Amino acid sequence: MNIQNVSFGYKNGLVLKDVSFTLPNPSIFGLIGPNGAGKTTLFSILSGILKPSSGTFVYSEKPGLLLQNTALYKEATGRENLQLFCKINRISPNQVSTALEVVEIDSLTANRKYKEYSQGQKQRLLIARAFLTPSKLILLDEPFNAVDLPTMLILKNSIKSIVATEQKTVVISSHHLREIDDLIDSGIILNKGRVIHQFGLLNNVAQPLAITVYVDGQPDRLCSYLLANKYPFRKQQNQISITCSATSPAWPIIRFCEETGIALKRIEYGESLENMLINRLNADNEHASN
């Protein structure tokens, strides 16, 4: 599924500017960026709520959708809410029991009124409703909002299960990057309406490797080396996050430390979503200011 040169704007200017990326199928895809980056607008375009001002995004099926602050019928039971959703959208009600099982809502809970649900149970039911849509595309906005850890683990397993068994693509937009770090396969980072970074395996292109080194002592000498050799990096006390690539591999860094007596306490391969966002935003803002 391709999104090509999508832009969207209001009278006071563009919110999205020539956004292009591919949604791999099946996968769990992340939309990441700071407040005001354009995530909500892009999410609305993917869901069909908004039409792009220009560009190409064609998807014939109505996607499964979870939006923040969605409310269901308080006096109806959880099961009745899903059955009504099926009736309105012409979906077979036979799928309701399966959707409830996937998010681990038992029969007793399913037959209680929605107004009696905890926040975690409400979130499970809303995700079950998104799963009911026969589309291969599911859009989840802040799926782990205000839920406890056990519920979050249940929902993560549910999302992984639906992707694996039904070959769906799940797009997740979230501000809580640590909560989705172990869930996302690939994604994009938005800033000021533009895609500034794609990560994971997109279009079969390997993305840059990230390593984090923890220096036993002052890291200034290593930072000077990285700066001189044009390695993108970010320093936090004795922790240095470095972006490596085919033209800037990791092994010369390790060799430099060995040859100069810089003691490394440990090395971690891979980059957290949180560090990735901070590093890419800093680089993008620095580029814009030059």
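Tutor: A residue is called buried under 20% relative accessible area, exposed over 50%, and partly exposed in between (1.4 Å probe, protein chains only). This is a predicted model, so to speak of local features we need pLDDT of at least 70, and side-chain atom pairs count only at pLDDT 80 or more, while totals for chains, interfaces and linings use all residues. Residues are numbered from 1 along each chain as its sequence is written, and side-chain values use heavy atoms, leaving out hydrogens and water.

Student: What is the mean pLDDT of the protein?

Tutor: pLDDT is the predictor's confidence in each residue, from 0 to 100. Here 94% of the residues reach 70 or more. The mean is 87.

Student: Which residue just after α2 takes a positive phi?

Tutor: Move on from the end of the helix and check the backbone angle there. The phi is about 55°, and the residue that takes it is R90.

Student: Now the rings. Why is the pair of Y225 and Y231 stacked?

Tutor: Rings of Phe, Tyr and Trp (its six-membered ring) pair if their centres lie within 6.5 Å; planes under 30 degrees apart count as stacked, over 60 as edge-to-face and the rest as tilted. The structure holds 5 aromatic pairs. For Y225 and Y231 the centres are 6.5 Å apart, and the pair counts as stacked because the planes are at 25°.

Student: How many residues apart are Y225 and F256?

Tutor: These two rings also stack, at 4.1 Å centre to centre with 15° between the planes. Y225 sits in helix α8 (residues 220-228) and F256 in helix α9 (residues 251-260). The pair links distant parts of the chain, 31 residues apart.

Student: Which residues form one aromatic cluster?

Tutor: Y225 and Y231 are both buried, and F256 is buried as well. One aromatic cluster is formed by Y225, Y231 and F256.

Student: Which residue, with a positive phi, follows α9?

Tutor: Inside α9, the buried residues are P252, I253, I254, F256 and C257. After the helix, a phi near 80° belongs to G261.

Student: Last one: how far apart in space are L67 and P143, C-alpha to C-alpha?

Tutor: L67 lies in the loop between β5 (64-66) and α2, and it counts as partly exposed because its relative accessibility is 30%. Not counting residues up to four places away in sequence, L67 touches F43, I49 and D141. L67 and P143 are 76 residues apart in sequence, but in space their C-alpha distance is 8.4 Å.

Definitions and conventions: Helix = DSSP H or I, 4+ residues; strand = E, 2+ residues; numbered from the N terminus. Contact = heavy atoms within 4.5 Å.
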